[in-house]
Amino acid sequence: MLFNSPVFVVAFLPLCLGLFALAGWRFGPRAALVVLLAASLVFYGWWKPVFLPLLAGSIVGNYLWVGVMRRAMRRKPLLVAGLVANLGLLGWFKYAGLFAATGASLFGVRAPDLGIVLPLGISFFTFQQIMYLVDSYQDETPECGFVDYACFVGFFAHLLAGPIVRPREIIPQFVRHDGRVRSGDLVAGIEMFLLGLAKKLVLADSLARFADPGFRAAAAGHPLSLVEAWVALLAYGAQIYFDFSGYSGLM
């Protein structure tokens with residue numbers, strides 16, 4: 001589910017906001033955060049629900065591990081073990097196929113088909129939790145419950161493409177949240193969302209029409225003139241800029 005897709009703009013986001021506000025008004029801030037977490041899991045599982053246990057297991061495992069580390073007399077071995085586990089999981093999905101193919105080529109055998117599909121956002125939610133592990137080791141993370149931590153990792157606005165944020169920058173916002181949706185915040189959020197949507201749809205997607213033909217021609221082996229090459233290059237650079245700028249505005 002893309003942030004500029006119709007299903008997100010006209011269905012997911014209004015429904016999520018409405019349920020969040022209703023839960024906060026009727027049952028309190030904890031219920032609102034539970035709704036936000038549930039919406040984030042739906043958002044993540046929209047492409048492939050099979051990866052939901054991976055995300056949930058990573059969140060639960062790291063939260064419990066940090067609790068063990070905080071109570072331990074010797075924290076460093078537990079920190080190292082947590083880092084190895086997180087990086088090992090990330091390395092398996094991102095590099096196991098590469099290592100298998102490289103090893104097979106060295107020994108002159110056929111590379112095995114590991115059938116690995118890269119989960120969406122695994123780099124971002126892994127490094128987000130690595131940052132939490134390290135900050136907890138240094139006693140720089142605020143105290144929080146499981147729902148606050150799960151929202152910190154799984155919040156749909158940054159789950160797939162970041163940015164990676166420090167725990168002390170966002171967790172206190174979840175902890176202090178009173179369950180209310182204020183009109184001023186809502187107006188500011190809508191304004192930022194529409195500005196980001198305009199950057200994506202009007203600017204970035206329009207520039208892609210100039211960049212894509214040049215790169216397709218180059219990939220097919222067709223020569224480009226100096227002007228064509230520069231147009232494609234500059235249009236692509238501006239497209240990427242407005243894509244990321246628009247994403248920052250969207251969320």
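Helices here are DSSP runs of H or I with at least four residues, and strands are runs of E with at least two, numbered from the N terminus. With that convention in place, α5 and α7 each supply at least two residues of the lining of the largest cavity, and that cavity is where I would like to start.

Before I do, a word on the model, which is predicted, so that local features need pLDDT of at least 70 and side-chain atom pairs count only at pLDDT 80 or more, while totals for chains, interfaces and linings use all residues. Residues are numbered from 1 along each chain as its sequence is written, and side-chain values use heavy atoms, with hydrogens and water left out.

Now the cavity. On a 1 Å grid over the protein atoms alone, a cavity is a set of points where a 1.4 Å probe fits but cannot get out, and lining residues have an atom within 4 Å of a point; grid points are joined across faces, edges and corners, and the volume is the space filled by probe spheres set on the points. A search of the whole structure on these terms finds one cavity of 30 Å³ or more, and the volume of the largest cavity is about 40 Å³. Its lining is made up of Phe-124, Phe-125, Gln-128, Val-153, His-158, Leu-159, Pro-163 and Ile-164, with α5 giving the most, namely three residues. By class, the lining divides into six nonpolar residues, two polar and no charged, where Ala, Val, Leu, Ile, Met, Phe, Trp, Tyr, Cys and Pro count as nonpolar, Asp, Glu, Lys and Arg as charged, and the others, Gly among them, as polar.

Let me turn to α8, residues 167–176. Its buried residues, buried meaning under 20% relative accessible area, exposed over 50% and partly exposed in between, with a 1.4 Å probe and protein chains only, are Pro-167, Ile-170, Ile-171, Pro-172 and Phe-174. What covers them includes α2, α5, α6 and α7, contact being heavy atoms within 4.5 Å.

The third topic is charge pairing. Taking a salt bridge as a side-chain nitrogen of Lys or Arg within 4 Å of a carboxyl oxygen of Asp or Glu, a search of the whole structure finds nine. In one of them, the side chains of Arg-30 and Asp-148 meet at 3.0 Å, N to O. Because Arg-30 lies in helix α2 and Asp-148 in helix α6, this pair ties together parts that are 118 residues apart in sequence. Arg-30 is partly exposed at 37%, whereas Asp-148 is buried at 4%.

Another salt bridge brings together the side chains of Asp-139 and Arg-75, at 2.8 Å from N to O. Here too distant parts of the chain are linked, with Asp-139 in the loop between α5 and α6 and Arg-75 in the loop between α3 and α4, 64 residues apart. Asp-139 is exposed, at 57% relative accessibility, and its phi is near 55 degrees, a positive value in a residue other than glycine. For context, most residues other than glycine have a negative phi.

Finally, Arg-166 forms a salt bridge with Glu-140, their closest N and O atoms being 3.6 Å apart. Since Arg-166 sits in the loop between α7 and α8, and Glu-140 in the loop between α5 and α6, the pair ties together parts 26 residues apart in sequence. Salt bridges that share partners join Asp-135, Glu-140, Arg-166 and Arg-168 into one network. Both Arg-166, at 25%, and Glu-140, at 35%, are partly exposed.

Notes: 1 Å grid on protein atoms, 1.4 Å probe; cavity = no way out; pocket = protein on both sides within 12 Å on 5 of 7 lines; lining within 4 Å.
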